[in-house]
Amino acid sequence: MKLTVFGATGGVGKEIVRQGLAAGHQVTAVVRDPARLPVRGERLEVFRADLRDPEAVRPAVAGREAVLSGLGARSRSEAGIAAELTRTVLGAMDAEGVRRLVVVSAAPVGPPAEGEPFVDRAMVSVVKAFLNAVYADLTAMEQELARSAADWTSVRPPKLTDQPLTGAYRTVVGGTPRRGRTIGRPDVAHAMLAALSDPATVHQGVGVAY
């Protein structure tokens, strides 16, 4: 497939690029600073663009079959950029007639897991309170998705780690895995790429966790 990846220099984004190339896809990585992208490959195009300008982004998505986004705030001070930049991506996709979009969000944005133990529910409440602005931003991002014409999927991981790719994780379409406390960034990227070809994930949030 011809894919475009936004947030390609982030922890999840660069894994999407790396795994996408390994799977034989043609990948366009949209970045602000090409020097920060450590991935190389014959089927890789690095595209530098101002992500606040839909017109500047349009060439990066034109003719592509799907878009994946690792965009999001890395700290409370950056809260707001997920919704803002995803709005730009959606505008560029709509202008170019590209429909499929898979984004990374977060588990606390989704519904509580069925039968979640008290300690896990309490842990989520503490995290949500501490990172309230970040999760409000991701909630606003998902609202932008719901209002759009895109065939979107939101992948919602819990705490991210740098554990190597395992391919062994749980997914719940429309829900959250019970006692899902962590997942490695490479496995989040793996789940996002897998969602591209799974029609059951369209217009759905997908909980992922070990």
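Me: Is the crossing of H2 and H3 left-handed or right-handed?
Reply: This is a predicted model, with local features needing pLDDT of at least 70, side-chain atom pairs pLDDT 80 or more, and totals for chains, interfaces and linings using all residues. Residues are numbered from 1 along each chain as its sequence is written, and side-chain values use heavy atoms, without hydrogens and water. A crossing counts as right-handed if the near helix is turned clockwise from the far one by less than a right angle, left-handed if anticlockwise. The crossing of H2 and H3 is right-handed.

Me: At what angle do helix H2 and helix H3 pack?
Reply: H2 covers residues 54-61 and H3 residues 81-96 (DSSP runs numbered from the N terminus, helices H or I of at least four residues, strands E of at least two). Their axes (lines fitted to C-alpha atoms over the stretch in contact; angles from 0 to 180 degrees between N-to-C directions) lie 8 Å apart. The packing angle is about 60°.

Me: Which residues of H3 make the contact with H2?
Reply: Contact means heavy atoms within 4.5 Å. On H2, Pro54, Val57, Arg58 and Val61 take part. On H3, the residues are Thr88, Ala92, Met93, Ala95 and Glu96.

Me: How many residues of strand E10 are buried?
Reply: E10 spans residues 204-209 and is mostly covered. Buried means under 20% relative accessible area (1.4 Å probe, protein chains only; exposed is over 50%, partly exposed in between). Of its six residues, the buried number five.
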